[in-house]
Each structure stands twice: as structure tokens, then as C-alpha cells.
Amino acid sequence: MAVQARTLELYRQLDLTKAVVARGHRVPAVNLWVKGEAAARLPFESVGSSLTPYPFLHIFPQDQHERLLIERLLDLGIAVERQTELVSFTNGETASRLACARLAARRLTARRNYIYGCDGHAQTVREAIGTGFPGGTYRQIFYVADVEAAGSAINGELHVDLDEADFLWRVPVGGSRKSAPDRNGTRRASRPGAIR
């Protein structure tokens, strides 16, 4: 969901930053709520401004992010293959030889200069090169829902509700339908959208 400043800096080298920023949502503040009451508002509009040209919290949903990357690869003549599993690979001096299996049980081989492992903790590339994937599994159950909502807390800012038994995180993915007044009572215009 969140695109870090360092990612935007890297994307600038690949000519992706403008598209990510234009399609995403810049979050001006994070609001903390405790037991249904507003507890704190943390401005994020210029956090780290002396460290990066992108000193803000930026939300760009993974599905949209993935679509943008696939579009850019297609522009470069590279097609992303779905329903294809890397079974094994061997490294040569100038390229790697891949053995792949498609969903239809058809096997194929190919030679490539680069292999990108992008399928999480149990991937063939990560296991073969021995990098591992440190971490663990949460005991709690989490739900993600894309919803359209209204109300004072639906203002284009991130809201985190903390309680003894519950945790709720409202992330704006496209702004809000109505703007809420800021601390000075000024209403800010924002784009229609949803929250996650």
C-alpha cells in the first residue's frame, strides 16, 4: 500500500516516479484514535524534507502498482507471464538456464540474463541462492476490504484505531468524497475515491 521515499527515488531513475505519484494518494496526516476518541494527529506532509525529494506518506495500492509496472514492461517489449512456475535454474557465465512449468502442465526451458524472484517467502530463486526470508506469521486474523465510506474520519488522511481487543486501519486510496476541515477550519478539496 505505502510507497516509501527510497522507492520513489529509485523509480525516478526508471522514469516511474511521476506516474506513481500521479496515480496514488499523498496522505497529509496520520490520526490516532483510542476507544473511539481522537487522540493525536501527526502531520506527514513534509516528514524527512531535508533527506529526500519525496517527504510524504504515499499510498498506491498494490494492484494498481502492479498494473503500472506491467504497462511499463510492455512498453519495453517485455511480457509478464502468468500461471508459470520456475521449477529450477542453473547459472552460466553470461546467462541462466531456466526450467519452467505452465499451469497446463507444459514444461519449457529458456536462457535469460536476469531472474527476478517476486513470489514471496517460498520462492525458488530465494531458496536456490540461500537468502532466506526471515520473519514469521501473525497469530491474529486480518481482513482487508475496499469500501466507499463517509463521515468525519473519511478525509483523505490515514486513521488508526487502537483498542484493547481491536485494531482498525483506514487507509485512503483515492482521497475522499468530502473534505473535512483541518485544524484551522479550512476545507481542502480532494478527489473522490475509496478507503482500504
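**View 1. Strand S2 pairs with strand S5 (residues 57-59) through 3 bridges, and the two run antiparallel.** Strands here are DSSP runs of E with at least two residues, helices are runs of H or I with at least four, and both are numbered from the N terminus. Two strands count as paired if DSSP finds at least two bridges between them. Arginine 26 has histidine 58 of S5 as its bridge partner. The open sheet has 3 strands in the order S1-S5-S2, with antiparallel pairing. Strand S1 (2-3) and strand S2 (25-27) are the edges; each has a single partner strand, so one side of each is left without a neighbour in the sheet.

**View 2. The whole chain is a predicted model with 4 helices and 10 strands.** Residues are numbered from 1 along each chain as its sequence is written, and side-chain values use heavy atoms, with hydrogens and water left out. Local features need pLDDT of at least 70, side-chain atom pairs count only at pLDDT 80 or more, and totals for chains, interfaces and linings use all residues. Along the sequence the pattern is β-α-α-β-β-β-β-α-β-β-β-α-β-β. Of the 196 residues, 30% are buried (under 20% relative accessible area; exposed is over 50%, partly exposed is in between; 1.4 Å probe, protein chains only). Contact means heavy atoms within 4.5 Å. Among contacts with a separation of 6 or more, 47% join residues 24 or more positions apart.

**View 3. The largest nonpolar core has 11 residues.** A nonpolar core is a set of buried Ala, Val, Leu, Ile, Met, Phe, Trp, Tyr and Cys residues joined through side-chain atoms within 4.5 Å. Its members are Val3, Ala5, Leu8, Tyr11, Leu16, Ala19, Val20, Tyr54, Phe56, Phe60 and Leu68. Helix H1 (5-13) and helix H2 (17-23) are the elements that give two or more residues to this core. H1 gives the most, with 3 residues. A second, separate core of 8 residues includes Val27, Val30, Leu57 and Val160. Back in the largest core, which includes Ala5, alanine 5 is in contact with Thr52 and Tyr54, leaving aside neighbours within four places in sequence.

**View 4. Strands S3 (residues 29-34) and S4 form an antiparallel pair with 6 bridges.** Leucine 32 has alanine 40 of S4 as its bridge partner. The hairpin has 2 residues between the strands, and lysine 35 takes a positive phi near 55°.

**View 5. Histidine 159 sits in strand S9 (residues 158-162).** Histidine 159 is buried, with a relative accessible area of 3%. Leaving aside neighbours within four places in sequence, histidine 159 is in contact with Asn31, Trp33, Ala153, Leu168, Trp169 and Arg170. Its side chain also makes a polar contact with the side chain of asparagine 155 at 3.0 Å. A polar contact is a pair of N or O atoms within 3.5 Å; within protein, one must be able to donate a hydrogen and the other to accept it, and residues adjacent in sequence count only if both atoms are side-chain atoms.

**View 6. Helix H3 (residues 62-75) has 14 residues.** From first C-alpha to last, H3 reaches 20 Å, close to the 20 Å expected at 1.5 Å a residue (1.5 Å times one less than the number of residues). Just after H3, glycine 77 takes a positive phi of about 85°.
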